Amino acid sequence: MERIKQNDTFDVLKVIMAMMITIIHIITLRKLGVIGSFIFPILRTAVPLFFMISSYLFFSKINIIKSYTEQKIFI
């Protein structure tokens with residue numbers, strides 16, 4: 001398997017989105033009041049973006065692996 005260059009930008013984005021998702025689960029909208037009605041939709045975008053970045057990284061890794069048995073081991 002060939003070694004690829006790691007993109008740290010994706011890792012930083014995933015950490016930020018993980019924190020945003022944690023905030024969604026901890027803080028209720030009523031506690032934030034009027035500010036929450038503006039911030040909450042922005043926080044909600046973290047979930048789909050987190051999954052899109054994760055799936056992009058996963059499938060880019062799968063495409064590099066040529067052998068089917070190695071792909072099964074990776075999955």
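**Entry 1: aromatic pairs.** I started with rings: those of Phe, Tyr and Trp (its six-membered ring) pair if their centres lie within 6.5 Å, and planes under 30 degrees apart count as stacked, over 60 as edge-to-face and the rest as tilted. By this rule I get three aromatic pairs. One of them is Phe10 with Tyr56, a tilted pair with 5.5 Å from centre to centre and 55° between the planes. This pair links distant parts of the chain, since Phe10 sits in helix H1 (residues 8-26) and Tyr56 in helix H3 (residues 46-64), 46 residues apart. Helices here are DSSP runs (H or I, at least four residues), numbered from the N terminus.

A note on the source before I go on: this is a predicted model, so local features need pLDDT of at least 70 and side-chain atom pairs count only at pLDDT 80 or more, while totals for chains, interfaces and linings use all residues. Residues are numbered from 1 along each chain as its sequence is written, and side-chain values use heavy atoms, with hydrogens and water left out.

**Entry 2: Phe50 and Phe51.** Why do I call the pair of Phe50 and Phe51 edge-to-face? Their ring centres are 6.0 Å apart and the planes stand at 85°, so the pair gets that label. Next I checked accessibility (buried is under 20% relative accessible area, exposed over 50%, partly exposed in between, with a 1.4 Å probe and protein chains only). Phe50 comes out at 22%, so I put it down as partly exposed. Phe51 has 55%, so it counts as exposed. I looked back at Phe10 too: with 22%, it is partly exposed.

**Entry 3: H1 against H3.** The two helices pack at an angle of about 150°, and their axes are 9 Å apart. Axes are lines fitted to C-alpha atoms over the stretch in contact, and angles run from 0 to 180 degrees between N-to-C directions. Which residues meet? I looked for contacts, meaning heavy atoms within 4.5 Å. From H1 come Phe10, Leu13, Lys14, Met17, Ala18, Met20 and Ile21; from H3 come Ala46, Val47, Leu49, Phe50, Ile53, Ser54, Tyr56 and Leu57. I sorted them into 13 nonpolar, one polar and one charged. For that I counted Ala, Val, Leu, Ile, Met, Phe, Trp, Tyr, Cys and Pro as nonpolar, Asp, Glu, Lys and Arg as charged, and the others, Gly among them, as polar.

**Entry 4: along H3.** The 19 residues should span 27 Å, and the end C-alpha atoms are 27 Å apart, which agrees. Buried in H3 are Ala46, Ile53 and Ile62.

**Entry 5: Phe58 and Phe74.** Phe58 belongs to helix H3 and, at 31%, counts as partly exposed. Leaving out neighbours within four places in sequence, Phe58 is in contact with Phe74 and Ile75. Phe74 lies in helix H4 (residues 68-74) and is partly exposed at 34%. With residues up to four places away not counted, Phe74 touches Phe58, Lys61, Ile62 and Ile65.

**Entry 6: Val15.** My last stop was Val15 in helix H1, partly exposed at 48%.

Methods: Expected span 1.5 Å × (residues − 1).
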